[in-house]
Every structure is written in C-alpha cells, then in structure tokens.
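Dear colleague,

I am passing on a structure for you to look at, and below it you will find a short account of what was found. Please keep it open while you read.

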Amino acid sequence: MTRTAAVAGTSTLLLALAACGRGDSESAGDSVSGSVAVDGSSTVYPMSNTAAELILEDFPDIQVSVGFSGTGGGFEKFCGGETDISDASRPIKDEEAAVCDEAGVDFTELLVATDALTVVVNPDLAVDCLTTDQVISLFGPGSEVDNWSDLDPSFPDEGITGFIPGTDSGTYDYMAADVVGDDSEALREDFESSEDDNVLVQGVAGTSGGVGFFGYTYFEENEDKLKALSIDDGAGCVAPSAETAQAGEYAPLARPLFIYVKNASYADNAATQEYVDYYIDNLTAIAETAQFIPLNDEDYAGTQAAVESLG
C-alpha cells in the first residue's frame, strides 16, 4: 500500500534537515545498527514511515519496518511482543493496556500530531455539509438511512452506499465512541469495510451516492476524486483543515494521533532509541511532510518531556 503524501515530501524534508543540521546524530550514525518493528494505525503510518525513511540518512544500518494492521491490530502485536512501537489513532483502551500489563509490556504514550477525521462523498453528489446529528444518523449502529433524502429532504434522492474503516481501525473506534457516543463501540454493519484506506477511497470515488470517512491525509491525497463534507456542530458548517482542527473549530472530528513506545525496547535497543529520538526531534517537519497537523508548542513540549522520561 503506497502512501504518496509521505513519499513525495521525503526528499524535500531531507534537504531541509541537511541545511539545518542534524545535531549529534550525524557523528554517531555509523555506530548504531539494529532493527525496529512498528505497526498499527494506517492513519499514523505516513508519519512513522517518513521517519523510517529519513533516519537512514544518518543511521544507514538501522532498519525500520512499518506496517499498518489498524490501531487494534497493532496493539495486539505490541502487547504480544511482536513490535517495538505501535501507531495509534486513538488512546489505548483499558482492556488493551491490561493485556500489555499481564504480558509485562510497559509503554509510554507519545502524542505526535492532530488529524481531522474527514467525511467524504462522491464528488458528483449535491451534498456539502452535514450536522453532527446527521453524521450520527448516517453511521450509527442500526441506522436505516439508505437515501440521502432521508437525512434532509433538500438532499438528492440518491441511494447511499457506505465505505468505512474496519473494526480494527482506530478511526472506526473514534467515530463510534467519540462521535456517535452513548457508549457505542460499533457503527452500522451494512456498509463495506476495509483496513486499507485506498479501498475506501476507490469505493467512494467510484460509486454514485458513495460516502465514507478516514484521516485528512487520505483526502488530501485524493481530493481530485472526492469531496470533503463540512461539519456543523452547532456553529455553522466548518470544513476540515489544519487551521480549523488546531483552532478547535472542526468539532467533533478533530482527533489526536499517537505512537506507543515499549519502554524495554527504548532502553535495550539502540536502534529503537535513535528512531524515537529522531522522530520526535523532527516531529513538526515529519508531520507537515506527511500532511498532518503539527502539535502546538504546549503539546510538543509534553511529548518531548515524555521522551526524556524514557531515558
């Protein structure tokens, strides 16, 4: 699965980092080798993969493998001892943390970026904005909304075909728990689902009346094929963007993104330590290259402090 946003910007970021200098890592790079295993959220994948590609410039003997089995699938591997780092588009659940604890896996949560979960439709559909209540009606469990005119009589008389993330996805969990709410852990079951965001893009783009949702990055990669809907949470229609998410205006679909670092891997594996340090030292540039919304100064300081606690 290609992630064109991350790949396209990597060479530009390399030049920028070279111009600014990379601190002490350049002189130490040749002395560090080893492997790092990363898996989890497909949403966070572009950031972790960009960091993996960039670190090779300073540390050519560090091999980082980055997968995207979904947030839930990533935590299963992480707590099962298969990975050093888990990408997540939601905080770890209590039951997942309990599995880690039982397995003796201690970890540190690092906030790395902000995302604007984006509801998209086929570009020919004459719908531009949904209220939060309409989003809930559309995606909530047991929904029987099967025509756009069911949501609003002014919407077209067009059948709805949905394409949504799979249940292992943190994006699915965020929509279910934080948007639909009311202790919901599920969405409607009659929409097509996939852990591969490109499948969702193709489904919505190729289907009249198609609708879906995923991270803002994937909309930006495919905005020539899709239309992003604005969301009205009571203050008027607000389009997804870096600016509206950072300002707290894009509610309730702006969300935090994380990586979870296994403490023992950071302490015992020099390759993991260098990768994490490099990732966080260059976090703003990596987020922008991967087309995510960088942390504000306060949140970034918190992430830096969490990394320092690992050392």
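Three strands form an open sheet in the order 6-11-12, with mixed pairing; strands (E, at least two residues) and helices (H or I, at least four residues) are DSSP runs, numbered from the N terminus, and two strands pair if DSSP finds at least two bridges between them. Because strand 6 (129–131) and strand 12 (237–238) each have a single partner strand, they stand at the edges, and one side of each is left without a neighbour in the sheet. Strand 6 runs parallel to strand 11 (residues 230–232), to which three bridges join it, and Cys-129 stands opposite Ser-230 in strand 11.

This is a predicted model, in which local features need pLDDT of at least 70 and side-chain atom pairs count only at pLDDT 80 or more, while totals for chains, interfaces and linings use all residues. Residues are numbered from 1 along each chain as its sequence is written, and side-chain values use heavy atoms, with hydrogens and water left out.

Turning to the helices, helix 4 (residues 71–79) and helix 5 (residues 94–102) pack with their axes 9 Å apart, at an angle of about 15° (axes are lines fitted to C-alpha atoms, for helices over the stretch in contact, and angles run from 0 to 180 degrees between N-to-C directions). Helix 4 is therefore roughly parallel to helix 5, a term for angles under 35 degrees. Gly-72, Phe-75, Phe-78 and Cys-79 of helix 4 make the contact (heavy atoms within 4.5 Å) with Glu-96, Val-99 and Cys-100 of helix 5.

Best wishes

How values were computed:
Parallel < 35°, antiparallel > 145°, perpendicular 65-115°, else oblique.
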